[in-house]
Amino acid sequence: MSDEIRILLVDDQELIRTGFRLVLLAEPEMTVVGEAGDGRAALTELRASGGACDVVLMDVRMAGMDGIEATAAIVREFPSVRVLVLTTFDLDEYAAAAIRAGASGFLLKDARPTELADAIRRVHSGDAVMAPGVTKRLLERMSNDAAADPWGGAAAAAGAPGGGVPAARADALDVLTEREREVFALIAEGRNNAEIGGALFLSESTVKTHVGRILAKLELRDRVHAVILAKDLGV
């Protein structure tokens, strides 16, 4: 299997797409396989290629089909494709909606080239990316929304399972073993596999196995959704 990461750029500004393309050209394992000016065009690209893409860099505010609607459609129709949402400090509400729709993370548009490349690698490997500085506000917003509508509209729009975050229930963690609950609690703290292994005296490969089982049992797309669910459950 090739280690190449195939990327689709989705932004309504051609200059921004060009900038991202130039940045990614410097990464030998990354290839830009297409560009789109809105969500509908992104879906057309994916369908034409049979989903031959690993990571979609998705803008949020676009004319026609915006990034939120497109993210929900992509993760529903192409579950192996990861979506990395690009946002700005004043768009927390859009980022929250996109995460619930099934995005694997979000990044600020003014991120450094090295941060962008690292975020793409992490999302491609099944990890999640949450931009520093807005993470706390994002989770607070989602918790406030959950109090009024516990995952209702967004989860339904994303199409569970495999889309966004399933409805949080008091007994949601009953399916987990005791060890998996310990790992889940550390995921909720934002710890990576090495840190979880150190805390529980487990190897990284064992932690990775536990994380995979947790995500499968809770029907979560990736770690960012595990963090959101944990926040809603008060873990």
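This is a predicted model: local features need pLDDT of at least 70, side-chain atom pairs count only at pLDDT 80 or more; totals for chains, interfaces and linings use all residues.
**Entry 1: the overall count**

I went through the secondary structure and found 11 helices and six strands in the protein. The protein has 235 residues, and 47% of them count as buried. I looked up the accessible surface too: about 10900 Å², with 52% of that belonging to carbon and sulfur atoms. Then I checked how far apart in sequence the contacting residues sit. Among contacts between residues at least 6 apart, 71% join residues at least 24 apart.

In what order do the six strands line up? I read the order as 2-1-3-4-5-6, in an open sheet with parallel pairing. Strand 2 (30-36) and strand 6 (129-130) are the edges, and each pairs on one side only.

I then walked across the pairs.
- Strand 1 and strand 3 run parallel and are joined by four bridges; V10 has M58 as its bridge partner in strand 3.
- Strand 3 and strand 4 are also parallel, with five bridges between them; here D59 has L86 of strand 4 as its bridge partner.

How many of the residues of strand 3 are buried? Five of the five are, so the strand is largely enclosed by the rest of the structure. I sorted its side chains by direction: V55, L57 and D59 point one way, V56 and M58 the other, and all are buried. I noticed D59 in that list, the residue whose bridge partner is L86.

Strand 5 has both faces covered as well. G105 and L107 are on one side, F106 and L108 on the other, and all are buried.

**Entry 2: helices against the sheet**

Helix 2 lies across strand 1 and strand 2, and I noted an angle of about 150° to strand 1. Helix 3 packs on the sheet too, where it touches strand 3 and strand 4. Its direction makes about 160° with that of strand 3.

Strand 3, helix 3 and strand 4 make a right-handed β-α-β unit. Strand 5, helix 5 (residues 113-124) and strand 6 make a left-handed one.

Nonpolar side chains in soluble globular proteins tend to be buried together. I went looking for that here. The largest nonpolar core has 29 residues, and L8, V10, V56, M58, I74, V83 and V85 touch the most other members. Elements giving two or more residues to this core include strand 1 (5-10), strand 3 (55-59), strand 4 (82-87) and helix 11 (223-233). Which element gives the most? That is helix 3, with five residues.

Leaving out residues up to four places away in sequence, L8 touches V33, G34, E35, A42, E45, L46, C53, V55, V56 and L57.

**Entry 3: a buried glutamate**

I found E180 in helix 8 (residues 178-188). Is E180 buried or exposed? Its relative accessible area is 3%, so I put it down as buried, the cut-off being under 20%. Not counting residues up to four places away in sequence, E180 touches V175, H210, R213, I214 and K217.

**Entry 4: two positive phi values**

Most residues other than glycine have a negative phi. I went after exceptions and wrote down two. F201 has phi near 60° and is placed in the loop between helix 9 (193-200) and helix 10 (204-217). At 77% relative accessibility, F201 counts as exposed. E219 has a positive phi of about 55° and is found in the loop between helix 10 and helix 11. E219 is partly exposed, at 44% relative accessible area.

Note on methods
Residues are numbered from 1 along each chain as its sequence is written. Side-chain values use heavy atoms; hydrogens and water are left out. A nonpolar core is a set of buried Ala, Val, Leu, Ile, Met, Phe, Trp, Tyr and Cys residues joined through side-chain atoms within 4.5 Å. Buried means under 20% relative accessible area, exposed over 50%, partly exposed in between (1.4 Å probe, protein chains only). Contact means heavy atoms within 4.5 Å. Two strands pair if DSSP finds at least two bridges between them. Axes are lines fitted to C-alpha atoms, for helices over the stretch in contact, and angles run from 0 to 180 degrees between N-to-C directions. A crossover is right-handed if, with the strands pointing away from the viewer, the path from the first strand over the helix to the second runs clockwise. Accessible areas come from the Shrake-Rupley method with a 1.4 Å probe; for residues, only the protein chains shown count as cover.
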